[in-house]
Amino acid sequence: MRVAIIGGGPGGLYAAALLKRLDPAREITVWERNAPDDTFGFGVVLSDETLGGIEHADPVVYEAMCEEFVRWDDIDIVHRGARHTSGGHGFAALGRKRLLEILHDRCRALGVELRFRSEAPHPDELARTNDLVVAADGINSTTRETYADVFRPRVTSHRCRYIWLAADFAFDAFRFDIAETEYGVMQLHGYPYASDASTVIVEMREEVWQAAGFAELDEAGSVERCAKIFAEALGGRPLRSNKSAWTTFRTVTNEHWSHGTTVLLGDAAHTAHFSIGSGTKLAVEDALALAACLEEQPSLDKALAAYEEERKPVVASTQRAARASLEWFENLDLYLGQPPRQFAFNLLTRSRRVTHDNLRLRDAHFTGAVEREFGCPDGTPPMFTPFRLRGLTLRNRVVVSPMDMYSAVDGLPGDFHLVHLGARALGGAGLVMTEMVCVSEEGRITPGCTGLYTAEQADSWKRITDFVHAQSPGTAIGVQLGHSGRKGSTKLMWEGMDEPLEDGNWPLTAASALPYKPGSQIPRELTRAQLAHLREQFTASARRAADAGFDLLELHCAHGYLLSGFLSPLTNRRTDGYGGSPENRLRFPLEVFDAVREVWPDEKPMTVRISATDWAEGGTSAEDAVAIARAFAAHGADAIDVSTGQVVSDERPAFGRSYQTPYADRIRHRVGVPVIAVGAISSWDDVNSLILAGRTDLCALARPHLYDPHWTLHAAAEQGYVGPGAIWPEPYRAGSRRPQTGRTDAPKQRLKLGS
């Protein structure tokens, strides 16, 4: 096999070494446009997991790297004069130039041909003359652009400028230093890569970079200015550069990673923000996977398909974590007012790769100090601290999220709803929410939706609230009121979600006469008289909810239902005072809120659920959501329940673990109103992490409570927590400890006998 590798970075060189070592008969050529001692950047950080893969695949490279490694455990966060250290993290780094030298030596020893100062031939020519072409030609990959119609790349630029520099001394920890300047906030990321050298990255928002005058400075001027700004972190020492330039990070993704016999590797295929240190790590892991797949699969096309199938999910997960980290630093100004220890915890857990439980394992002293500063009593996880909304004190931070059950008859909640909501109330959550309860018969989503538009329905709901209050004292139960708008008159979810009924349809009304999706019923645009009638329906339902004994009321202004339809510019095309500007689009939802708040008991809290983005071009943006939340808060909303999407059918959501939390986080810090985070929060560790970091006040979980109605009590048992935040019902108290299982340990080897 003849193999051409474009790009002599760590990924390309390591792929060459592995492929040659596995089959010495392979003819492998590496094409590198730069000289062998040229390198951009300074240090490289690798994880223990990656090093384990290198050790197994090529002990020679591993041993050479180990001789060069600088190792350390601590992370220092310096913010407003306070320095907080978290230990137990375990880093290994070496100079990028030295890493390349090790890989050059290994490739030469194995017989790989290295062509430096050589532009690779055109990818078509390489594909014609080689059996395999590995495009490891970096973020500006010519190969990727040549076959863009096949690879289908997407390159996203971000909001910060950064520059790679170095200092001629070794930091004693991975250091994050925050500088609040007259121009805005700037941050330093620094780590040692040799006994006498450290990488230093300086980063700031584009507008801060412009205001500080960096655009007018040359390389030397920028280096000197950065050293002055971070003089304390550097101990007054200078910084140095290496063809360093300010740049904007770009996230690269590709729909496909191979084309014929050409395959992408490393930054050519994907990038991950430097704040989680994964660029070289991912490239090396790509090389390991590609070499393994070529060994394991019977043909080249199957090997390339297996490589892509194996690596894509891993890379996607890393990129989600990197994006969370990147956006945290982009929005660093949100967190500057946090207490120093909470700020440090927030920074450490920003990517969601490090969590509360994980950090407690690494550094119990640091995590305990953060918990005490937060107000956690000894032995109390953050999720089991109380939270007050108006006159209601919730015993913990867990909310059973509203979930439509589609199991009512004529809007009446029945035995199913009693068991469903009652079981989750017994399960320990601080607040249990109903599904969206409709304010009118024509406001239902499906024939199976519940309502509060008759006295009989109110009596049925009272049966449920009475059960919750009697059998699970301390658990609050809330009602979510809403109207389906243009998304009504559809089949039950399991019969065809959002599909129109085949018969028995009722007419729809909405902000504008726009169907939800092709084939949906076209709603009538609401007249002013109908708007007034709708307000009355909401207030009548709110009165019934109060009489039924609910503890909290949430107004549903999300997910494309009627009130949400007014808020989004994609669904509100009105030309009267209820459409057009953001203020006009807010007018009717605020009128409904005010009318409901007026009849809802003053001591009981009222929340609002919003879609913080439509996940569609031209729709509600994150900044729009802040303005919407601010308006509801000004009108008396006690908390904002922050969801996203489901407003238009052609949305493109970016799903992932706790993917909606950044929107709640932004609203909490920009508006200063309590928030409820919701969306793919599934573990108690995530709940603890989000609460302690100050990104949310409450966490709403839906599917975990379908899987386990006693999710909250089980979370308490798994953490060894016993206290007022998780009260087991007396009949269940015997089950408050995890059941015993069979022993899985084996006798330990204790003696070593010679032969």
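This presentation describes selected local features of one protein structure.

The structure is a predicted model, in which local features need pLDDT of at least 70 and side-chain atom pairs count only at pLDDT 80 or more, while totals for chains, interfaces and linings use all residues. Residues are numbered from 1 along each chain as its sequence is written, and side-chain values use heavy atoms, with hydrogens and water left out.

I begin with helix α2. Helices (H or I, at least four residues) and strands (E, at least two) are DSSP runs, numbered from the N terminus. Helix α2 spans residues 48–57, and within it Thr50, Leu51, Ile54 and Ala57 are buried. Those four cover an arc of only 130 degrees around the axis, which puts them on the same side of α2; the arc is that of the directions from the helix axis to the C-beta atoms. Asp48, Glu49 and His56, on the other side of α2, are exposed. As to the terms, buried means under 20% relative accessible area, exposed over 50%, and partly exposed in between, with a 1.4 Å probe and protein chains only. What covers the buried residues of α2? The cover includes the helices α1 (10–22), α3 (59–66) and α11 (279–296), together with the strands β3 (43–46), β4 (70–72) and β7 (91–95).

I turn next to strand β11. Six of the eight residues of this strand (residues 174–181) are buried, so β11 is largely enclosed by the rest of the structure. Two strands pair if DSSP finds at least two bridges between them. With strand β5 (residues 75–79), β11 pairs in the parallel sense over four bridges, and Phe174 of β11 is the bridge partner of Ile75. With strand β12 (residues 184–194), β11 pairs in the antiparallel sense over seven bridges. A hairpin through two residues joins β11 to β12, and Thr181 stands opposite Gly184 in β12.

Phe174 leads us to the aromatic residues. Rings of Phe, Tyr and Trp (its six-membered ring) pair if their centres lie within 6.5 Å; planes under 30 degrees apart count as stacked, over 60 as edge-to-face and the rest as tilted. By this rule there are 26 aromatic pairs. One of them is the stacked pair of Phe174 and Phe176, at 5.2 Å centre to centre with 20 degrees between the planes. Phe174 is buried at 12% relative accessibility, and Phe176 is buried at 3%. Trp328 and Tyr335 are also stacked, because their ring centres are 4.9 Å apart and their planes at 10 degrees. Trp328 counts as buried at 4% relative accessibility, and Tyr335 is buried with a relative accessible area of 4%. These residues belong to one aromatic cluster, formed by Trp72, Phe91, Phe174, Phe176, Tyr191, Trp328, Phe329, Tyr335 and Phe343.

Where is Thr644 placed? This residue is in the loop between β26 (639–643) and α23 (661–671). Thr644 counts as buried, at 3% relative accessibility. Its side chain makes a polar contact of 2.8 Å with the side chain of Trp615, and another polar contact, of 2.5 Å, joins the side chains of Thr644 and Gln660. A polar contact is a pair of N or O atoms within 3.5 Å; within protein, one must be able to donate a hydrogen and the other to accept it, and residues adjacent in sequence count only if both atoms are side-chain atoms. Contact in general means heavy atoms within 4.5 Å. Leaving aside neighbours within four places in sequence, the residues in contact with Thr644 include His559, Ile610, Tyr659 and Tyr663.
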